[in-house]
Amino acid sequence: MKTLIKNIKNLIGIIEESQAYKKGKALSEVSFLEHSYILIDGEKISDYGPMSECPNNADQVIDASNKLVLPAWCDSHTHIVFAASREKEFEMKIKGMSYEEIAAAGGGILNSARKLKDCSEDTLYDMAKARLEEVTKFGTGAIEIKSGYGLSVESELKMLRVIRRLAANSPVSIKASFLGAHAIPTEYKEKREAYIDLIINEMLPQIAEEKLADYCDVFCEKGFFTVEETDRILKAAASYGIPPKIHANQLSCTGAVQVGIANNAISVDHLEMMGQAEIDALLNSDTIPTVLPSCSYYINIPYAPARKMIDAGLGITIATDFNPGSSPSGNIPFLLSLACTKMKLTPEEAFNAVTINGAYAMQLEDQLGSITKGKLANLIITKNIPSLTYIPYMFGSNHIDKVLIRGKVI
Ligand code: NIG
Ligand code: FE
């Protein structure tokens, strides 16, 4: 089955040669082709070019006059499997309580874990599937999803099996991260060592046996997991061939970035609290820094210094962190706007950060994240809009007309 999209006003995000990711000055480079076509053969992009060379042998033709065509977004950090929303905490926050105070008052991650324990795998699956379908309509074509609201062998496995089912039943490319080290469960409060042993000796072996996780995550933060505990967990995961992607430097500068890099993390995520030492360490590594602007927006904490990081020569990824407690949104167009207005990224930098760089942060850069022959045809066709910049500029409106995943309009 061949699908032709023709009369495209601007085909944006072309990368001819496969490349890892964009960093420093190159992060602002976006190649495009005006008045063009793109041809899809089955699930993949087979060709593109100027309208003067447009083929006429397709089974299906989509007219994209006045529209832009972009690669679908790659959201490399989410927690979309959860049992209940937490809008009560939203009200507490409005009244002045901090994220840490809400957690100490029985809210936070432990609240989500209590709800998830009593939720069946089927119900969890149905709720997560609805969220996945929602974000796909916002243009997301690849997503990483974490466990971490289980915090027991049974519930962590339940979450990861839900993610596996989503991956089996959805055309969206999905990666799973095991985040058993998200918080110390209440019953282990006085014996945290025993919980870390449980992660290492019970959870990880079963997860590895069932091949349930692509990555291992740890919330390395004051009051959660120390650098030493993080190191132990990541080394145990590495012994099963599971590499790290970790929560680092969200609330404080503790050495989380460095321990991630030392363990060859694919990415270190959050980074609201960054010193020069962290930037220097990242410059000497292949670990990609990932920033989460909607978390800063929602819980009112500083934004990661993304501008400074890019100016220092780093590449960055932007992701939603979609979760019920610190970022209840999976809307990437809104993130683009936050990245521009709050982090001072140009629209082009923000675009690359959620396409090719997002793909890299999920090790999918050979398959996704750009308009490249042979890559999966995960594409966004916009409405009639003047430019890429218009998407973050006219924030809150829906600028997407169609989304194609693996060559099919969804
Ligand atoms: O990425 N920081 C840790 N974990 C999530 C928040 C989880 C929650 O509050 O439920 C995050 O922000
Ligand atoms: Fe997160």
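Biologist: What separates the centres of domain 1 and domain 2, taken over C-alpha atoms?

Modeller: In this predicted model, the centres of domain 1 and domain 2, taken over C-alpha atoms, are 29 Å apart. The domain assignment gives domain 1 as 2-71 + 370-409 and domain 2 as 73-360.

Biologist: What makes residues of domain 1 and domain 2 count as being in contact?

Modeller: The criterion is heavy atoms within 4.5 Å, and the contact takes 30 residues from domain 1 and 32 residues from domain 2.

Biologist: How do you know what area domain 1 and domain 2 bury between them?

Modeller: The size of an interface is often given as the accessible area lost when the parts come together. For domain 1 and domain 2 that value is about 2,400 Å², with 70% of it on carbon and sulfur atoms.

Biologist: How many salt bridges and how many residue pairs in polar contact are there between domain 1 and domain 2?

Modeller: A salt bridge needs a side-chain nitrogen of Lys or Arg within 4 Å of a carboxyl oxygen of Asp or Glu, and the count between the two domains is zero. Polar contact, by comparison, is counted for eight residue pairs, both residues at pLDDT 80 or more. On the side of domain 1 that touches domain 2, strand E15 (400-405) is one of the elements that supply at least two residues, and E15 gives the most, with three.

Biologist: Why is the approach of Tyr99 to ligand 1 called a polar contact?

Modeller: The cut-off for a pair of N or O atoms is 3.5 Å, and a polar side-chain atom of Tyr99 lies 2.5 Å from an oxygen atom of ligand 1, so the pair qualifies. The side chain of Tyr149 has an N or O atom 2.6 Å from an oxygen atom of ligand 1, and for His247 the corresponding distance is 2.9 Å, so these pairs also meet the cut-off.

How values were computed:
Residues are numbered from 1 along each chain as its sequence is written. Chains are lettered from A and ligands numbered from 1 in the order in which they are written. Side-chain values use heavy atoms; hydrogens and water are left out. Domain bounds come from an automatic or database domain assignment. Buried area is the accessible area (1.4 Å probe) that two parts lose on being put together, summed over both. A polar contact is a pair of N or O atoms within 3.5 Å; within protein, one must be able to donate a hydrogen and the other to accept it, and residues adjacent in sequence count only if both atoms are side-chain atoms. Helices (H or I, at least four residues) and strands (E, at least two) are DSSP runs, numbered from the N terminus.
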